[in-house]
Amino acid sequence: MKKLLIILVFTLFLSGCSLFADTNGTEDYVDKATQYIQELSNFAQEAPQMAADAATNQETYKQLNEQVIGLIKKIEQFNELHVPSVAEEVHQQIVEKNEDLLTELKDTVQNGQVTLHGFVNSETFQTISDIVKLLVLINQLTGVL
């Protein structure tokens with residue numbers, strides 16, 4: 001009887017730990033996703049002016065090129081995040097938009113360099129806007145806890 005009681009208490013303890021870990025995982029995911037989307041939003045706000053300036057300023061062009069290449073890496077890293085079960089659906093929506101964004105960004109890069117004409121005329125900024133709209137769903141995840 002005593003062994004049965006110990007097993008029952010241990011099982012309840014593990015269940016509680018699992019719930020706690022899932023809650024922490026969701027909060028961690030929400031934090032990372034929010035930060036990621038904020039970075040995309042900042043890029044979308046700054047990049048058009050940078051692209052305009054980059055046409056006549058080599059230093060600005062270099063900075064824009066570094067930001068685009070860095071953004072490609074961040075998108076790929078975000079797509080590989082560990083996702084708690086409660087966030088799987090919204091993460092999948094972001095990944096789908098991210099795949100579009102990756103294609104658009106990679107299409108503007110030739111030989112490791114951003115082509116300004118391709119960048120300015122791409123759908124990049126609309127796709128980022130679509131991803132930013134998903135922030136509402138991410139913030140709703142904290143209400144699920």
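Analyst: Start with the loop between strand 1 (109–110) and strand 2 (113–114), where Asn111 sits. This is a predicted model. Asn111 has a phi near 55°, a positive value in a residue other than glycine. Most residues other than glycine have a negative phi. Asn111 is also exposed, because its relative accessible area of 81% is over the 50% cut-off.

Asn98 lies in helix 3 (residues 88–107). Asn98 counts as buried because its relative accessible area is 0%, under the 20% limit. The side chain of Asn98 makes a polar contact of 2.7 Å with the side chain of Asn79. Leaving out residues up to four places away in sequence, Asn98 touches Tyr36, Ile75, Phe78, Asn79 and Ile131.

Helix 3 itself checks out on length. Its 20 residues should span 28 Å at 1.5 Å a residue, and the end C-alpha atoms are 28 Å apart, so the two agree. Its buried residues include His91, Asn98 and Glu104, along with Ile94 and Leu105.

Ile94 and Leu105 lead on to the core. The largest nonpolar core has 33 residues, and Ile94, Leu105, Tyr29, Leu64, Val68 and Phe119 have the most contacts inside it. Helix 1 (2–54), helix 2 (58–79), helix 3, helix 5 (124–133) and helix 6 (135–144) each supply at least two residues of this core. Helix 1 gives the most, with 11 residues.

Finish with Tyr29. Beyond its neighbours within four places in sequence, Tyr29 contacts Val90, His91 and Ile94, among others. Its partners also include Phe78, Pro84 and Leu141.

Note on methods: Residues numbered from 1 in each chain as written. Predicted model: local features only at pLDDT ≥ 70, side-chain atom pairs only at ≥ 80, totals over all residues. Heavy atoms only, no water. Helix = DSSP H or I, 4+ residues; strand = E, 2+ residues; numbered from the N terminus. Buried < 20%, exposed > 50% of the residue type's maximum accessible area, 1.4 Å probe, protein only. Polar contact = N/O pair within 3.5 Å; in protein donor to acceptor, adjacent residues only side chain to side chain. Contact = heavy atoms within 4.5 Å. Expected span 1.5 Å × (residues − 1). Core = buried A, V, L, I, M, F, W, Y, C linked by side-chain atoms within 4.5 Å.
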